Amino acid sequence: MRDILAALIFSRVEQEILSSLNAGKVAGNGAARHAKKHADQTTRAELSNISYHATNPDYDCSVEEAECRLLTFAIQRELLKQNNRGICCFSTTYSNPLLWSHYADQHYGFCAGYSLNRSPVPEIHKVLYGGERFVKTSLIATAILEKDAVAQKKLDENILLRKASAWQYEKEWRVFDHVGLQDSPLLLEEIVFGIRCPDTVVHAVVSALMPREIKFFEMHNVSGSFTLKRSVADLGELKAFFPRTAMSGLEMFGPVSDGE
């Protein structure tokens, strides 16, 4: 566990320092040596700190057990830091009423539909439901210390793609990238408006996307059931009446004469 934590801390600190130096246009062998030296110092200090705190007499266990717990928490923190990625979530279905309630403001919102019809094809990952929530130390060791690609993929799945089985109805897939604003790797193909989506929102979305080849749909209930279906949105009336211009009093009633 000490070796795992040391490798995680060293890798993170080294990359952070190199990124900072590169941002300041500092590179070369000197920058690399500085990054490695500082990463080594930080790693040694953290391990020494854990060993010291493990001797706390207030712990109701042995020093070895206390150090094991502290190492476990520290490894968890490092894994979370190194997996601080931007995550964008999608579903393979647009007709689940729970999704419309939870993510589209009770049908007042809309659903954006994307495809993978890009070159190269975007990498998208299927969420895994159920299973174990903990991550085995042996898996972390194989991935981090031995740099095994298969183990690293399994580790990523456990950290970034594992959810409770109760969420299976979402049929979720995820795209990972750097945290922050990114260009979309997917191709926007359609918009599906909710049953209660206001006409003003529909008009604004359609107007913004009209120059692109986007299909527009609207949801509706199947009579006598809880089934949701979609149909092609009728935009004719929308184009005729929006944007609306409020009439003034003179426009509505005409001029007022002095005698009245």
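Glu-172 and Arg-174 are both buried, where buried means under 20% relative accessible area, exposed means over 50%, and partly exposed lies in between (1.4 Å probe, protein chains only). The side chains of these two residues, Glu-172 and Arg-174, form a salt bridge with an N to O distance of 2.7 Å. The term salt bridge stands here for a side-chain nitrogen of Lys or Arg within 4 Å of a carboxyl oxygen of Asp or Glu. Side chains of opposite charge can pair when their charged atoms come close.

A word on the ground rules before going on. This is a predicted model, in which local features need pLDDT of at least 70 and side-chain atom pairs count only at pLDDT 80 or more, while totals for chains, interfaces and linings use all residues. Residues are numbered from 1 along each chain as its sequence is written, and side-chain values use heavy atoms, with hydrogens and water left out.

How many salt bridges does the structure hold? There are 11 salt bridges. One of them joins the side chains of Glu-16 and Arg-12, at 3.3 Å from N to O. These two, Glu-16 and Arg-12, are separated by about one helical turn because they sit 4 residues apart in helix H1. Helices are DSSP runs of H or I with at least four residues, strands are runs of E with at least two, and both are numbered from the N terminus. Glu-16 is partly exposed at 43% relative accessibility, whereas Arg-12 is buried at 17%.

Lys-81 is partly exposed, with a relative accessible area of 47%, and Glu-78 is buried, with 5%. Salt bridges with shared partners link Arg-12, Glu-16, Glu-78 and Lys-81 into one network.

Now turn to the nonpolar side. A nonpolar core is a set of buried Ala, Val, Leu, Ile, Met, Phe, Trp, Tyr and Cys residues joined through side-chain atoms within 4.5 Å. The largest one has 21 residues, and the members that touch the most others are Leu-5, Leu-8, Ile-75, Leu-79, Ile-140 and Leu-155. Two or more residues each come from helix H1 (2-23), helix H2 (29-53), helix H3 (63-82), helix H5 (137-144) and helix H6 (149-160). The largest share, 7 residues, is given by H1.

Which residues does Leu-5 touch, not counting residues up to four places away in sequence? They are Leu-47, Ile-50, Leu-71, Ala-74, Ile-75 and Glu-78, where contact means heavy atoms within 4.5 Å. Another core lies apart from the largest one and has 14 residues, among them Leu-188, Phe-193, Val-206 and Ala-233.

Staying with helix H1, you will find Glu-14 there. Glu-14 counts as buried, at 13% relative accessibility. Residues up to four places away in sequence aside, Glu-14 touches Ala-35, Lys-36 and Ala-39.

Ala-112 belongs to strand E2 (residues 110-115) and is partly exposed at 30% relative accessibility. Beyond its neighbours within four places in sequence, Ala-112 is in contact with Leu-188, Glu-190 and Ile-191. Between Ala-112 and Ile-159 there are 27 Å in space, C-alpha to C-alpha, and the two are 47 residues apart in sequence.

Next come the cysteines. The structure holds 0 disulfides, a disulfide being a pair of cysteine sulfur atoms within 2.5 Å. Cys-88 is partly exposed at 39% relative accessibility, and Cys-89 is partly exposed with a relative accessible area of 44%.

Phe-253 is exposed, with a relative accessible area of 70%. Together with Met-247 and Met-252, Phe-253 forms a nonpolar patch on the surface with about 390 Å² of accessible area. Patches consist of residues with over 30% relative accessible area and no salt bridge, with like charges joined within 9 Å and nonpolar side chains (Val, Leu, Ile, Met, Phe, Trp, Tyr) within 5 Å. Accessible areas come from the Shrake-Rupley method with a 1.4 Å probe, and for residues only the protein chains shown count as cover.
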